[in-house]
Amino acid sequence: MKIVIIDYGMGNAQNVKNALTFLKYSSEIVSDTQSIENADVVIFPGVGAFGEGMSELRKRNLIKPITNHINENKPFLGLCLGMHLLFDVSMEHGEHQGLGILKGKVIRFSDELNLKIPHMGWNSLKITKNDPVFKDIKNNSYVYFVHSYYAVPKDKKIIAAATEYGKDFCSMIIKDNIYAMQFHPEKSQEIGLKMLSNFLERF
């Protein structure tokens, strides 16, 4: 199984690779079209601003291979910004068009909630879907977040877990071959590593 982690200049690809190495999975950090096209599993991490992320994907000609991989029903895992970019549009620093693979938008936590933004640190998952990725994961397990924006899927049925921060927000989605996590499994210690392992064991 060829696992690739996309490096588009936006953050934490090496941290993800380190987590997979710990789990005894071989993976490769890539930034070229061909490596993505030849992959069995694509992991799409990211930290930073939505608009800059889309700009980097365009600059590196990575949009088509990512879309093709998903359309070919191959396993795909988006993490943090890599989850956001799957959606139609983000309101982060203006309005920016995303990949449009998932219907919905990315919005900022409201200042009216009087909460510290970014949402940063450990918070719990309310699991709402029955899926093998949650094998041996207890409901309300804690995982690690760092974000100021969150995705609002048009189709609520794709929400696999929610998290409360002033209000419930979508913290994980599953749709067919697409898995995406708002939190950072690579920073979520035993729970995060178990979820990564469960995801890879599916395939």
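On a 1 Å grid over the protein atoms alone, a cavity is a set of points where a 1.4 Å probe fits but cannot get out, whereas a pocket is an open set with protein on both sides within 12 Å along at least five of seven lines. Lining residues have an atom within 4 Å of a point. Grid points are joined across faces, edges and corners, and a volume is the space filled by probe spheres set on the points.

This is a predicted model, in which local features need pLDDT of at least 70 and side-chain atom pairs count only at pLDDT 80 or more, while totals for chains, interfaces and linings use all residues. Residues are numbered from 1 along each chain as its sequence is written, and side-chain values use heavy atoms, with hydrogens and water left out.

The structure holds one cavity of 30 Å³ or more. The volume of the largest cavity is about 30 Å³, and its lining consists of Ile6, Asp7, Tyr8, Gly9, Met10, Gly11, Asn12, Ala13 and Pro45. Five of these residues are nonpolar, three polar and one charged. In this classification Ala, Val, Leu, Ile, Met, Phe, Trp, Tyr, Cys and Pro count as nonpolar, Asp, Glu, Lys and Arg as charged, and the others, Gly among them, as polar.

**Backbone geometry**

The peptide bond between Ile117 and Pro118 is cis, with omega at about 10 degrees. Pro118 belongs to the loop between β7 (102–108) and β8 (119–124).

| Residue | Phi | Loop |
|---|---|---|
| His93 | about 55 degrees | between β5 (87–90) and β6 (96–97) |

Asn73 counts as exposed because its relative accessibility is 53%. His93 likewise counts as exposed, at 63% relative accessibility. The classes are buried (under 20% relative accessible area), exposed (over 50%) and partly exposed in between, with a 1.4 Å probe and protein chains only.

Conventions: Helices (H or I, at least four residues) and strands (E, at least two) are DSSP runs, numbered from the N terminus.
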